[in-house]
Amino acid sequence: TNAQMPMKATALSLLFIFIFLINISSQYLNYSHYIHNEELSDCDPISPDYCLSPFPNSFWLKINKTRETNLQTRFAQSSFPVDIFGVGIDPEKGGWNDNDGFSPSGPIQFFMSNISIINLPNHDNIEKSLDKDSPLILIDVEEGKKIPFWSELDQSENENKKEGGKMLLIWPAKKLENSKRYVVGVRNLINTYDNSIIQPSQNFIDLRDNKTSSNPDINLRRPLFEDMFQTLAGFGFDRSSLQLCFDFVTGSLSSITGRLTTMRNDSLSRLPSNGVTYTITNITDNSSEFTRRFIEGSMQVPLYLDNSNPGSHLVLDNNVPVFQGFTSVPFVVQIPNSLVQTGKKGRIVQYGHGLFGNRFEIQSTFIQEFANTYGYIMVAVDWWGMCDLDQAAIVKMISLNLTDFMIVPDRIQQAMVNQIYLTKLLTTSFVNDPSVMFNNMSIIDPTLKNYNGNSLGGILGSLFMSVTPDIENGFLGVPGGPFSLLLLRSVDFSEYYSIVKARYSSSLDDITLITLIQQLWDRGDPIGYVDLLRNNSLNFVRNVAINYGIGDCQVTWLGAEMLGRSIGNCKVFQNNTVEGLEKMFGFDVVTNIIASENTCILEAYDFGAPSNPNYNVPPPNTNTDVHGCPRKDLRSQSQMDYFFRTKTLQDFCRGQGCHLSVPNFCIQQISSNK
């Protein structure tokens, strides 16, 4: 009898698994019965004051059984904002209708007049979003659980323009899961002027209270809303108390990451047997006291864009990138004096430059000094999509037609292929080039390779670390994500956002455009790829360290925390310094050392700068910007070197938090590197 127990237990387990899978399948099958959206209009009437409210919203989904989620977005041009010149955005041509769900990274938003934020969870008290009396709730329907979040009213406009209020933004504490249905519930919101309960729209009342309506957008969705009401009631959100509710399905992981992973795999299959093809274009010796040789060259990389110039797009066949031949990609290599003098081989550090910068950023004095002190060979290529050469094309796109926004994420994806080939170059054909031969040997150790990037280099470096097949350790300086969270809090974006605000007459349009472009930017945003950083098909361990600055005027610390929580299992050292009343929600605290596979640490540096505004605007005073400070701090540099050499993250701030080590250390040396 005892021998039969394991078999019975196994059979019982399989039965439970079978029932579970059937239930999930039935859930999605039943959900598809709720989708009648090809028969619906272009704007959701449950929030009649603004077309794209609430958002994201299953109202803009249709059935497509060829897609992983069985769904596809279905925006009409009339759903999107139109500028003061009558120029609209074409969601079909622009790629918004290529998705099989909504961004798991961007904000959730809705509009009601004059919302008071009293009692709403903010980024200082994310835990309040899980309270039973919270006015807002975000539910993972499949798992049957609450999702933590924080909220804010959009303050990015100095005036309300023509609306009587502002968009409410809900930010999940971390990336939502792919291919999942979520329900949002809203109750007990009050008017900021008279503290009265805000009344729902009549169309929503007709749904909630089962009142007669002649509107097909209401009547066709009654079964869907009945399901939502039942789900919300299970979490204590009584139907009669609701001011609004809506649901949405997030896009699949393959929809977001599939193009780039296809490009990566195809490009690797085209790697020449003798290594990457390249030419040397210039060599400069003794360019500084720290650098012995600076090498410029060009390598041949598989191209998936319609051309290699700024403003180009991926060439797609049924949403799959198509190889267009090889293209020339410039690269630079910097060899420090110390390696030549000691006769030692050097470790490779692949460097990522800042916003609208270029590969020559590795010639910054502090990078040369770091490389010489610790013995690193610095190498770099441009971040296609957001380097100096792309700036004019991006300004043109923002100024004339946002339909062309995909030029940014398309070129970012090509940039990742360029970075992957740079690693291959430095570890194959280039290793024995005469330009790197000193003391009768190659100065490059191809087995020791790491990544470091700052600002944009930290942001896109997070994405690169998720797809690289070769580099295990990434040290990310002042990174963050998603871009929709970073942009409005950055002084770097102010001049570009001023173009948007001048073109569109509604402040609701302005903020909604940021939310809309995130739907496309996911394919070139680090948050869209964090699942690959931890669970990737390459069976490849990756470790990352995240350093950020308190009072950073260019990349908000909120983005660093969002990135860390989304990566998962990311920890902070004891007494990690924080901005304002921040509680470091979702991070475990460790002491002194982290040494394990899939290591991740988040560490803040406080240089005494004032805190940033508590809402989505850039800091008013950039004279104390600390954006360039963590990378120059000797504690951070020592931590990076120790990490690269040992794959271990140690607290070089000795459990006291990384506070100002020397009075006014960095504020007097504000970096122009973004």
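**A walk through the predicted chain**

The largest nonpolar core has 159 residues, and Phe110 and Met299 have the most contacts inside it. Such a core is a set of buried Ala, Val, Leu, Ile, Met, Phe, Trp, Tyr and Cys residues joined through side-chain atoms within 4.5 Å. Buried means under 20% relative accessible area, exposed means over 50%, and partly exposed lies in between (1.4 Å probe, protein chains only). Helix α10 (residues 407–427) gives the most to this core, with 11 residues. A second, separate core has 23 residues, among them Ile367, Met378, Phe475 and Ile594. In soluble globular proteins, nonpolar side chains tend to be buried together.

This is a predicted model, in which local features need pLDDT of at least 70, side-chain atom pairs count only at pLDDT 80 or more, and totals for chains, interfaces and linings use all residues. Residues are numbered from 1 along each chain as its sequence is written, and side-chain values use heavy atoms, with hydrogens and water left out.

Stay with Met299 for a moment. Not counting residues up to four places away in sequence, Met299 touches residues including Val276, Tyr278, Val329, Phe331 and Val381. Its partners also include Asn418, Tyr421, Leu422 and Leu425. Contact here means heavy atoms within 4.5 Å.

Now step back to the whole chain. The protein chain has 17 helices and 26 strands. These are DSSP runs, numbered from the N terminus: helices are H or I with at least four residues, strands are E with at least two. Buried residues make up 62% of the 674 residues. Among contacts between residues at least 6 apart in sequence, 76% join residues at least 24 apart. The C-alpha trace spans about 85 × 70 × 55 Å along its principal axes.

Next, look at strand β21 (residues 543–549). Seven of its seven residues are buried, so β21 is largely enclosed by the rest of the structure. Both faces are covered. Asn543, Ala545, Asn547 and Gly549 are buried on one side, and Val544, Ile546 and Tyr548 on the other. In a regular strand the side chains alternate between the two faces of the sheet.

Strand β21 has parallel partners. Strand β20 (residues 473–477) pairs with β21 over five bridges, and Gly474 has Val544 as its bridge partner. Strand β25 (residues 600–605) pairs with β21 over six bridges, and there Gly549 stands opposite Tyr605. Two strands count as paired if DSSP finds at least two bridges between them.

Elsewhere, three strands form an open antiparallel sheet in the order β3-β7-β6. β3 (108–111) and β6 (149–153) stand at the edges with a single partner strand each, so one side of each is left without a neighbour in the sheet. Four bridges join β3 to β7 (residues 167–172). Phe111 has Met167 as its bridge partner in β7.

The loops hold some backbone details. A cis peptide bond joins Phe55 and Pro56, with omega about -5 degrees. Pro56 lies in the loop between α1 (5–32) and β1 (61–63). Another cis peptide bond joins Gly481 and Pro482, and Pro482 is in the loop between β20 and α12 (483–486).

Two asparagines have positive phi. Asn319 has phi near 70 degrees and lies in the loop between β12 (316–317) and β13 (320–321). At 28% relative accessibility, Asn319 counts as partly exposed. Asn569 has phi near 55 degrees and sits in the loop between α16 (557–567) and β22 (571–573). At 52% relative accessibility, Asn569 counts as exposed.
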